[in-house]
Amino acid sequence: MKTMIVSDFAALRSALLQLVGICLVVSLFMSYVMGAVGTSAAIGAMIPFMCLFSLAALDEQNGWERFRLTLPITRRQVVFGRYASVAIATVLAFVFSLALSFALLAVMGLLPAAWVPESLAPAENPPAAIVGATAGSVGIVMIAMVVALPLIMRFGMTKAARIVPLVVVIVIAGCVSFFDADYLFANGLVSDLVAWLDTGSNYLVAAGATLAAVAILYIASAFLSAKLYEGREF
Amino acid sequence: MTNLIDIENLGKRYDDFALAGVNLAVEPGCVVGFIGSNGAGKTTTLKAALGLIAPDEGTVRLFGQAVTPGSSALDDLKSRIGVVLDTCAFPSTCRVGDAGLIGRAAYATWDASHFSRLLSTFGLSPKKKVSELSRGMGMKLTLAFALAHHPELLVLDEATAGLDPIARDEVLDILRDFVAEGDRGILMSTHITSDLEKIADEIVCVDNGAIVFTSPKDVITDEAGVARCRAAEVETLLASGVVAPGAAHVMRHDYGTDVLVPDRFAVARAFPDLVVDKATIEDYMTLTLKGESR
């Protein structure tokens with residue numbers, strides 16, 4: 001597993017450095033429009049997904065995926081190593097996006113109030129909401145990875161790129177038909193949820209629960225991927 | 001002494017191709033050249049040898065132990081092997097030095113100073129990006145990676161492809177040094193048969209999924225020959241009894257007929273006026289695969 005993590009981060013290093021630079025620039029524009037809450041959520045979601053697809057694409061370059069299996073590393077270690085790499089990238093993205101948002105708010109706090117855009121006013125960006133929104137977006141991205149990773153491990157990036165959108169559309173369509181949006185809004189379930197989130201530290205409670213639930217799904221996805229990867233031929 | 005690789009009766013079926021009855025062995029101290037046309041089954045055989053694919057029939061043994069794809073026991077076996085496939089496989093975003101980090105994580109026996117020496121010998125800067133390497137430099141990086149953990153067996157698939165003649169000679173020197181210790185061996189698949197003439201001990205040829213011949217290299221390059229005949233001389237030669245029935249391979253071309261004979265000295269004695277050249281591995285393979293067996 002260590003071999004996978006080392007090789008993944010060696011391959012990602014230059015991309016990660018570029019991503020950090022891009023995120024800094026993007027955050028300046030986004031925060032003006034969406035505030036620190038939206039910025040943190042967007043960047044927290046963007047980085048892990050970009051890492052996953054970069055790694056999957058690099059696997060298929062020059063037969064790296066095949067060559068890697070000639071190293072003393074089992075297929076299960078390849079899969080679990082890849083999940084670990086993506087999880088580490090996700091945690092780093094989570095911390096980075098929070099740090100970026102709080103740093104942005106700190107800088108805004110030093111400026112005269114008249115200069116600070118309304119979207120970045122402290123009242124619009126409570127810390128609990130920033131953490132909750134970031135956890136929520138990271139959770140959504142991890143659910144996407146829970147679906148995408150087994151397909152990528154089984155079929156490779158090229159084939160999976162055709163299959164993943166199909167699966168996502170089916171899942172979304174299933175969710176839409178299962179959860180009747182009109183019913184949810186009409187009966188005030190959504191507004192109740194928003195009100196609950198705005199109460200006390202419920203954003204943090206929701207964030208913790210979301211991440212814990214997603215982590216369980218992520219681990220289950222890793223075992224499914226390991227099973228699928230065993231049968232793949234190179 | 002236990003063979004480094006033992007492949008017995010290997011079979012693997014795909015929709016459009018089948019490998020069948022492949023036997024191949026690499027003894028310690030030996031370099032085995034594995035030749036054949038494109039799509040003949042070389043890479044499939046190497047993949048099975050490395051446990052990358054599960055054979056449908058037959059057995060593969062590495063260092064005397066049966067290979068079971070996906071098993072953790074295979075990891076121990078793979079740690080004793082250095083592999084060079086037909087491309088530089090490291091991710092293009094990595095730097096040359098990153099291969100050392102990967103090697104250190106992967107192999108308990110990784111020798112960082114040996115890797116640095118090899119990079120220096122090959123003129124590779126650790127800071128250079130893999131994407132900036134030429135094909136030849138990429139192959140050198142892969143070879144340095146394969147050698148830096150002191151493997152007992154090297155499996156090379158077109159390892160010298162893309163290298164200039166001087167670099168190829170350097171690589172062959174390194175491979176000679178590697179195998180000189182006696183207990184190590186090399187399985188080398190290549191289309192550059194002149195490299196095998198310089199280094200191989202045994203030649204195995206595969207065609208259309210089956211082994212066509214297995215022969216000591218010296219039998220091919222020292223004993224066998226190609227008689228350059230006019231049309232009328234072919235039948236005389238074949239009827240003379242100097243060549244056993246079925247042992248000659250005849251191929252006609254625009255300017256005459258080439259006859260592959262197993263003993264060029266015997267033919268030269270019996271037909272002093274006939275030109276009988278030494279056979280190269282390429283001659284031997286081409287005439288065996290394409291010539292008419294007589």
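Within chain B, nine residues of domain 1 are in contact with six residues of domain 2. On the domain 1 side, the elements that put in two or more residues are α7 (193-199), β9 (202-207) and β10 (210-216) of chain B. Sorted by class, that side of domain 1 has six nonpolar, one polar and two charged residues. All of this is read from a predicted model.

An unreviewed entry lists residues 2-233 of chain B under "domain: ABC transporter". In the model, that span is 35% helix and 27% strand, and its end C-alpha atoms lie 48 Å from each other.

Taken along the principal axes, the C-alpha atoms of chain A fill a box of roughly 60 × 45 × 25 Å. For chain A, an unreviewed UniProt entry carries the annotation "transmembrane region" over residues 12-34, 40-58, 79-108, 128-151, 163-183 and 203-224. Two of these stretches can be set against the model. Residues 12-34 of chain A are 100% helix and 0% strand, with end C-alpha atoms 29 Å apart. Residues 203-224 of chain A likewise come out as 100% helix and 0% strand, and here the end C-alpha atoms are 31 Å apart.

Two packed helices are described by the angle between their axes and the distance between the axes. For helix α3 (residues 75-110) of chain A against α7(A), the angle is about 145° and the axes are 9 Å apart. The crossing of α3(A) and α7(A) is right-handed. On the α3(A) side, the contact is made by A:Arg75, A:Arg76, A:Val78, A:Val79, A:Phe80, A:Tyr83 and A:Ala87. Facing them from α7(A) are A:Tyr218, A:Ala222, A:Ser225, A:Ala226, A:Tyr229 and A:Glu230. By class, the residues of this contact between α3(A) and α7(A) come to nine nonpolar, one polar and three charged.

Helix α4 (residues 127-178) of chain A also packs on α7(A), with axes that come within 9 Å and cross at roughly 10°. Angles under 35 degrees count as roughly parallel, and α4(A) and α7(A) are therefore roughly parallel to each other. The contact of α4(A) with α7(A) has 21 nonpolar, six polar and one charged residues.

Finally, the two chains meet. Here 25 residues of chain A are in contact with 24 residues of chain B. On the chain A side, α1 (2-60) and α2 (64-68) each supply at least two residues. The largest share of that side, nine residues, comes from α1(A). The chain A residues that touch chain B divide into twelve nonpolar, eight polar and five charged.

Notes. Residues are numbered from 1 along each chain as its sequence is written. Chains are lettered from A and ligands numbered from 1 in the order in which they are written. This is a predicted model: local features need pLDDT of at least 70, side-chain atom pairs count only at pLDDT 80 or more; totals for chains, interfaces and linings use all residues. Axes are lines fitted to C-alpha atoms, for helices over the stretch in contact, and angles run from 0 to 180 degrees between N-to-C directions. Helices (H or I, at least four residues) and strands (E, at least two) are DSSP runs, numbered from the N terminus. A crossing is left-handed if the near helix is turned anticlockwise from the far one by less than a right angle, and right-handed if clockwise. Two residues are in contact if their C-beta atoms, placed from the backbone, lie within 7 Å. Ala, Val, Leu, Ile, Met, Phe, Trp, Tyr, Cys and Pro count as nonpolar, Asp, Glu, Lys and Arg as charged, and the others, Gly among them, as polar. UniProt positions are given in the numbering used here, feature names are shortened, and annotations may be inferred rather than shown by experiment. Angles under 35 degrees count as roughly parallel, over 145 as roughly antiparallel, 65 to 115 as roughly perpendicular and the rest as oblique.
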